[in-house]
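Here are my notes on the model, in numbered points. Please read them with the structure open.

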Amino acid sequence: MKKYIILILVTFMSVACSKDFLDKAPLDSINTANFFQTKEDAITAINGAYQPLQWPKLYNMRMWTTDIMAGNSIVGAGGGTDGIETQDEANFVTTTDNPGVLDLWRGPAPGILRCNIILQKVPDMNIDKDLKNRIIGEAKFLRGLYYFILVRFFGDVPLITVPQEPGDNLRPKRTDKAKVYEQIIADLTDAEQLLPPRSEYSGNDIGRASKGAAAGLLAKVYLTLGQWDKVVTLANEVESLGYALNPNYADNFDVNNKNSVESLFEIQYTGNAGEGFWDNTNQASWLSTFTGPRNSNMVAGGWGWNQPTQEFVDSYEPGDLRKDVTILYDGCPQFDGMDYDPGYSTTGYNLRKFLVTKSISSSYDNSPMDFPVLRYADVLLMKAEALNNLGKTTEAEAPLNEVRARAGLPAVTGLSQADFKAKVLHERRMELAFEGQRWFDLIRVDNGDYGLNFLHSIGKVNATSKFLLLPIPQKEIDANPNLTQNPGY
C-alpha cells in the first residue's frame, strides 16, 4: 500500500488533473464495464478507494490545518491573503463560499463512491474467500472513515450506501447524523470482523486497514458519542493485537519507521512518484514543504505554514520530551545540522514534527512522510478518558501515565474526576499536536462548551456555537436545492 494509485486501471477510474485543487470537482465518474472479473481487478479497485485520503482535500492539507482552527497554530505562510480560507476558519468568520470548507465537503465523495461500487460488485466475484472478505472489510473501514470525517465537520450529511444509477435521485437530502453514525458503526463493526490483524500483512500490503485499525477507529466513534464502556472494550481489543508505544516519541515521525508498532492507520505517501505537486495523482506528502520554515533552506520547499502559537508552546510541562520533536524554537536541537532562527516565523516557532531532510526529499514535491490517522497513544488516552468518565479514575491513571512516561513526565495520581478529565484532554493536545485531532476534541467534549471556553480563553471571541459545525457550501446548495444550511449561516 505504499502507492495507492499504481495499480489503478484507467478502465476503472479516470483522474482529472489541474493545478488549482481548490476548484477541483469530485471525481464521481466511474466506468465498471468489463471490470471486477479477476482478483487483480478487486485489488485495483480497493487500492483506488484509499487514494482520496491522500489528496489535499483531506489529509494532504485540510485535515492538518484544523489544528490552526483549533488554536494550536496560525497559518503563517507568506502573510496577506496566503491561506485566507484557513485564516477565516481560524478567526471564526467562515462563510458559505469558503473554498477550504468546500474541499472538506467534497473530499470524501470519490472514496465513498469507490467503496460503494466495491461493496456492490466484490461479494459476487469468484475469487479467494479470504481475499474477498479482506477487500470488503477494507471498503467498509474506508467508507466508515469517510463518513466519520463528514459527520463531525457538517453534522447531517447525505447518506449514500449504493452506487447511484441513471434515474436515481441525484439530489439527496441530508440524513440525520444519528443514522449516519449508525451506518459508520455498522461498517466499522463489520470491518473489524472481516479484516486480518496487521501481523498478516507483508510486502506491499503493509499499510492496509487491519482489524486493529477498525477497532481503534470504532473506539473513536464511540468516544465521540460518549459511549464510554464500548471505548474501553475496544481499546482492550486493540491492546490484545500487539500494538505498543514506540520507545521514542520521535519514532512516530521518522520517515524510515513508517507503519510502526504504534501505528494503527496512516496515510501512505511516497517520494518521486512522477506526478505534479498539485495533481490529485501526486502521492508525495505536502507537509514538509508547507510547514518547513520559510526562507530557511532547512527543507525542500519551506513555505512556513502552521506556526505554533506562544500559548501552545507555553502549554508544555517542564521536561516534556515531545517539545523538541514537535516544534522548532530558539535554542532547540539542530535540524539536519542547522540552527533554527526564530525570525523565520511570525510567532517565533515553526513545526518540526513532519519535516524531512533534503538528503531524503531533495525537491519540494517528493516527500515520502506518511500522515498518522490513528496511533496507539491515542487509543491509550481514549481509554483513560473513558474510564474516568465511568467513575474509574484510579484505573484510568495507568493508560494516561503510560503515555506520560514516554514523554518523560511524572505519573499522575490522586486527581479528582474533574481534574483528571482536564489532565487527559491536555495530554491529548500535546501528544497528538498537529495530527488533526485537536479540533474534534474541542467540539465533542461537553457538547462543544469545552472548545468554546478554550477558544475564548485564547482570544478567539468570534467563536460561537454555530461554528462547531462548518457551513454547507453554497455551491453545493445551488446544485442541490434539497440540501439545507446549518443553523446561523
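1. F277 and W286 are both buried (under 20% relative accessible area; exposed is over 50%, partly exposed in between; 1.4 Å probe, protein chains only). This is a predicted model: local features need pLDDT of at least 70, side-chain atom pairs count only at pLDDT 80 or more, and totals for chains, interfaces and linings use all residues. Residues are numbered from 1 along each chain as its sequence is written, and side-chain values use heavy atoms, with hydrogens and water left out.

2. Rings of Phe, Tyr and Trp (its six-membered ring) pair if their centres lie within 6.5 Å; planes under 30 degrees apart are stacked, over 60 edge-to-face, the rest tilted. That rule gives 29 aromatic pairs. The F277 and W286 ring centres are 4.9 Å apart with planes at 15°, so this pair is stacked.

3. The charged end of R152 is 3.7 Å from the centre of the F440 ring. R438 lies over the face of F454, 4.7 Å from the ring centre.

4. Mean pLDDT (the predictor's confidence in each residue, from 0 to 100) is 93 for the chain, and 93% of residues reach 70 or more. Over residues 4-29 the pLDDT is below 50.

Conventions. Lys NZ or Arg CZ within 6 Å of the ring centre and 35° of its normal. Contact = heavy atoms within 4.5 Å.
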